[in-house]
Amino acid sequence: MNILLLGSGGREHAMACKIAESSHCDTLFVAPGNAGTALVSKTKNVELSPTDFASIGDFVLHHDVKMVVVGPEAPLVAGIADYFADNIRLRNVAVIGPRRQGAQLEGSKDYAKEFMMRHNIPTAAHRTFTPDTLAEGLDYLGTLEAPYVLKADGLAAGKGVLILDSLEMARAELTDMLKGGKFGEASAKVVVEQYLSGVELSVFVLTDGKHYHILPTAKDYKRIGEGDTGPNTGGMGSISPVHFADSAFMHKVETRIVQPTVRGLHQEEIPYKGFIFVGLMAVPCKDGSGSFDPYVIEYNVRMGDPETESVFPRIKSDIVDLFERVWRGNLQQTTIDIDSRAAACVMMVAGGYPGSYEKGHEINGLDDVSGSLVFHAGTRLDASGKVVTNGGRVLCVTTLDSSMPSALLKTYQQVDKISWQGSNYRHDIGQDLLKMMI
């Protein structure tokens, strides 16, 4: 079959590689793609915006596309699955991604919190405020202990969460978010929540709306600086699996979070065919046993980036076969085969990112990489066919190996072979978890 994948980042490059491996895939179109996706076998980049539903629909009809896989969140929150379902000529095309209502799990932090409350899913205590209730919000902050967590309700490109140590600063930022438009429409409402102390990790679920499979765990690194310092980014690297997410911990995740989430969607008659990204905080148990309890920090309604770049290479099953089962609603009739090796990925970014940065610098050393995967995130081909930078996060280097230390070591050896003017990366990806393993 012909398949259309929407998106242009490292996540989509990793997904494109896995989709193109499938015996079910004849041609894979990526819209708009990048210099990396252009090199994947059976794959063609097409100039389409992921949120231009009319053009996407026309393209699907003219190129006999049978499946659309949605990479980023914006088209899902805007209702691309509804657009296809409501069009008599498109409704039989398999769209891998939830409808608009289900996508509100990511599109609105307040909606997600209320969903968790209805289904007794463990999460941090919280309240939501608007410009009209700002005074109440300022008072509520005074009832909490530092640090203070402020979350823009809507989509803010991964940068709408503030964690602040000072009550004075928290009150100032809440005011700026609600009255000053700090994050635009995304902060027309703000969720203020209790800070949870623990270790973050990501759990990914593939579901047909009733049945599900849990994919490999991962941990990503958001801050630009070593030791998780500096401003948030879209992600500076990731590792998979997370060593402390053992069978006992994952049993808690499945019974307390995954099952209630999927069951809740089904009970509320919310059509959902696609991925659920569960951002978790593993909080140490109070009994001193050294074990952890999982709490939901957030839902996303698609795969994460750069977590996809460490999770997808570990999936050995035919991903298109899994997607077809998601669409047909019989996901329970198959299993997922996972590579037992560890995966470590390091994101290389443009100088100045996540602030202002330059584009168009030639990338050197790509042909020197061996034994690792290089996923393009912000690249393009220039007029002469050279690969040049075209974004803040530029490349992600991933290595699979028998242990996490060796996977990280080999990844950094390959990262050092690649360069461009101003290139930057973190040198400590995964080191926090390695220290926990000692």
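Helix H7 (residues 134–141) and helix H8 (residues 167–178) have axes that come within 10 Å and cross at roughly 160 degrees. Axes here are lines fitted to C-alpha atoms, for helices over the stretch in contact, and angles run from 0 to 180 degrees between N-to-C directions. H7 is therefore roughly antiparallel to H8, a term for angles over 145 degrees. The model is predicted; local features need pLDDT of at least 70, side-chain atom pairs count only at pLDDT 80 or more, and totals for chains, interfaces and linings use all residues. Residues are numbered from 1 along each chain as its sequence is written, and side-chain values use heavy atoms, leaving out hydrogens and water. Helices are DSSP runs (H or I, at least four residues), as are strands (E, at least two), numbered from the N terminus.

On the H7 side, Leu134, Gly137, Leu138 and Leu141 make the contact (heavy atoms within 4.5 Å). H8 contributes Leu167, Ala170, Arg171, Leu174, Thr175 and Leu178. These residues divide into 7 nonpolar, 2 polar and 1 charged.

Next comes helix H5 (residues 100–107). Its buried residues are Gly102, Ala103, Leu105, Glu106 and Gly107; buried means under 20% relative accessible area (1.4 Å probe, protein chains only). Their cover includes helices H3 (73–78), H6 (109–118) and H9 (247–267), and strand E17 (292–300).

Aspartate 428 sits in the loop between helix H12 (404–415) and helix H13 (431–437). Aspartate 428 counts as buried because its relative accessibility is 15%. Leaving aside residues up to four places away in sequence, aspartate 428 touches Glu226, Gly227, Asp228 and Tyr412.

Note on methods
Buried < 20%, exposed > 50% of the residue type's maximum accessible area, 1.4 Å probe, protein only. Parallel < 35°, antiparallel > 145°, perpendicular 65-115°, else oblique. Nonpolar A, V, L, I, M, F, W, Y, C, P; charged D, E, K, R; others polar.
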